[in-house]
Amino acid sequence: MRTKIAAGNWKMNLNLEQAQTLVSEVVNMVEDEYKGSAKVVFAPSFPFLASVNYLLKNKTRFALAAQNVHHQTSGAYTGEVSIDMVQSVGAAYCLVGHSERRQYQQESNALLATKLDLCLSRNIHPIYCLGETLEERNAGRLWDVLHSQLRDACFHLDEQQFSKVVIAYEPVWAIGTGVTATSAQAQEVHAYLRQHIEQKYGTFVAQSTSILYGGSVNAKNAAELFSQPDIDGGLVGGASLKSREFTEIVKAL
Ligand code: PGA
C-alpha cells in the first residue's frame, strides 16, 4: 500500500503569525473531519520550520517539509540552508527540483541528483518534482523530458534509496495558472512514470512509490484527480494557503 499524501507548498508566502494560524486551523479541521490515513505535509518557508514543527509535535499524521536544501553540507554559503539544519528542525520531507527552482535558479537534473543523495543520507524523504513546459508538450517532447528528469536525477539511486523518494508530477503550464491537467492527462503521465520506475526498480518498488500531482489543485478538482489509480495525492500551492480549502483537499483523499 502506498502512502497517500496531501502536501502544501506555501512558497514565499505568509508571515510567522499567519503560518501558525494556518497550521493550527488545518490540524484542527483535519483531526475533526478526516478519518482516512493520508499524510498531511506542510512546506513552509525556512524561517517558520521550527515553529510549525512545534505545532505538529506528537501528531503522526502530519509532517513537515522544507521547500529546498543547499547541495553542500556546510561552509561559506551565505544565505543558504543545509540538510542538517533542515533535519534539526524536524523536517521529514524536502521538496527537490520544483520547477520554480529549475527555472529561476537554473537547477539541473545533475544538481538535483546531489540533493536527493543528501536528503536520503539524513533519512529525509525527498519529494522530487518533475514536469514539462507547455512548449515541450506542444513540441512532442513530453515523454523525453519526463524520462530524462527521472533518469538523470534518480536512477543512480539503489532500490532501497529510491523507495524513500516521493515523486510529484507538476506540469509547468498548470502551476499557479488555474489550468489543471485533466485527470486523464495526469493519469497518463503517472502511469508512464510508474512504468519507468518498474522497469528500473521492479514491480514492488513501483507499486509502493507515491506519485503526487501538482498544478492548480483545488477543493473542486481534487477528488476527480485523486480518483485516478496512479495519483496518490497532491502537491498543492495556492490552495494550501487557505485552511478550509486545503482541508477539503485532504478529505478528497
Ligand atoms: P499551485 O502550485 O497549486 O499554486 O498551482 C503547485 C506547486 O507549485 O507546487
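Trainee: How far is an oxygen atom of the ligand from an N or O atom in the side chain of Lys11?
Mentor: The distance is 2.7 Å. Keep in mind that this is a predicted model.
Trainee: And how far from the ligand is the polar side-chain atom of His98?
Mentor: That His98 atom lies 2.6 Å from an oxygen atom of the ligand.
Trainee: What about Gly238, which part of the residue is involved?
Mentor: The backbone. An N or O atom there lies 2.9 Å from a ligand oxygen.
Trainee: How much of the ligand does the protein bury?
Mentor: The protein buries 95% of the 280 Å² that the ligand exposes when taken alone.
Trainee: How many residues surround the ligand?
Mentor: There are 13. The closest are Lys11, His98, Glu170, Gly176 and Ser216.
Trainee: How does that shell divide by residue type?
Mentor: Into 7 polar, 4 nonpolar and 2 charged residues.
Trainee: Which pocket does the ligand take?
Mentor: The ligand's space is the second largest pocket.
Trainee: New topic. How many salt bridges are there?
Mentor: The structure holds 16. One of them joins the side chains of Arg194 and Asp232, at 2.9 Å from N to O.
Trainee: Where do Arg194 and Asp232 sit in the chain?
Mentor: Arg194 is in helix H9, residues 183-201. Asp232 is in the loop between helix H11 (222-226) and strand E8 (233-236). The two are 38 residues apart, and the pair links distant parts of the chain.
Trainee: Why can side chains like that pair?
Mentor: Because side chains of opposite charge can pair when their charged atoms come close.

Key:
Residues numbered from 1 in each chain as written. Predicted model: local features only at pLDDT ≥ 70, side-chain atom pairs only at ≥ 80, totals over all residues. Heavy atoms only, no water. Near = heavy atom within 4 Å. Polar contact = N/O pair within 3.5 Å; in protein donor to acceptor, adjacent residues only side chain to side chain. Areas by Shrake-Rupley, 256 points an atom, 1.4 Å probe, with all protein chains shown as cover. 1 Å grid on protein atoms, 1.4 Å probe; cavity = no way out; pocket = protein on both sides within 12 Å on 5 of 7 lines; lining within 4 Å. Sits in = over half its atoms within 2 Å of the grid points. Nonpolar A, V, L, I, M, F, W, Y, C, P; charged D, E, K, R; others polar. Salt bridge = Lys/Arg side-chain N within 4 Å of Asp/Glu carboxyl O. Helix = DSSP H or I, 4+ residues; strand = E, 2+ residues; numbered from the N terminus.
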